[in-house]
Amino acid sequence: MALKGFLWLCVVFCLSQAWAMPTRCAFREHLIEVSLNLLKDMGGHFPRECIKDNVLITFPAEVLTDGSQNENIQPVVYETLRSVNTLFQSEGRPSTWDQRKLEDFQSVVFRQVSDFKKCALRNRTRRETSSANNSTVQLKTYFKKMGRFLEEKNYSSCAWEITRQKLIQVIQAILEKQHAVGALNVEHY
């Protein structure tokens, strides 16, 4: 009887140790693909009348090439999705967009940001590399420019369409990077 109690105590102790170990926070590739598809589908084709409003806001592609390690892309994905989430909390999105797909998109992005943030908070001991910090600064600058563009254009339908197209390109670039290094498909939440 004492042996059985001791074994249970050992099992509980081992499980508590395993539970306390940091897990690797990772984004779910499937959810990023869902985000991309919703973003593509919510507005349809790029309107011709918006071509004249197109502006050059260049995505800092080097944030995806600063080291090819799995850990280096995670802060990039997080900052990108966090910034997208913030952008979509801005004023008036086009009424021509499929509102259900827009809401689903916002929900999926918010979920990914929240889940990753919770996981990262549990694992605070991990420090970001200087390349990750530099990438984060570059991404914040990029998304601030995008936010200013929307504001300058009074959140017009064309400004949102241009923003949507640029975000599609960004998310596609992240997925391409993921396929190159296999960085996002581990699910640890």
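What share of the contacts in the protein chain with a separation of 6 or more comes from residues 24 or more positions apart? Such residues account for 89% of those contacts, where a contact means heavy atoms within 4.5 Å.

Before going further, please note that this is a predicted model, in which local features need pLDDT of at least 70, side-chain atom pairs count only at pLDDT 80 or more, and totals for chains, interfaces and linings use all residues. Residues are numbered from 1 along each chain as its sequence is written, and side-chain values use heavy atoms, with hydrogens and water left out.

**Overall build**

The protein chain has six helices and zero strands, where helices (H or I, at least four residues) and strands (E, at least two) are DSSP runs numbered from the N terminus. Of its 189 residues, 42% count as buried; buried means under 20% relative accessible area, exposed over 50%, and partly exposed in between (1.4 Å probe, protein chains only). The accessible surface comes to about 11,200 Å², and carbon and sulfur atoms hold 56% of this area. Accessible areas come from the Shrake-Rupley method with a 1.4 Å probe, and for residues only the protein chains shown count as cover.

**Salt bridges**

Side chains of opposite charge can pair when their charged atoms come close. The structure holds four salt bridges, each being a side-chain nitrogen of Lys or Arg within 4 Å of a carboxyl oxygen of Asp or Glu.

E79 is buried at 3% relative accessible area, whereas R82 counts as partly exposed at 27%. R100 is exposed at 56%, and D104 is partly exposed at 26%. E161 and R164 are both buried.

K145 lies in helix α5 (residues 130-152) and is partly exposed, with 42% relative accessibility. Next comes the loop between α5 and α6 (157-181), where N154 is found. N154 has a positive phi near 55 degrees without being a glycine, and at 63% relative accessibility it counts as exposed. Y155 is in the loop between α5 and α6 too, and its phi is also positive, about 55 degrees, although Y155 is not a glycine.
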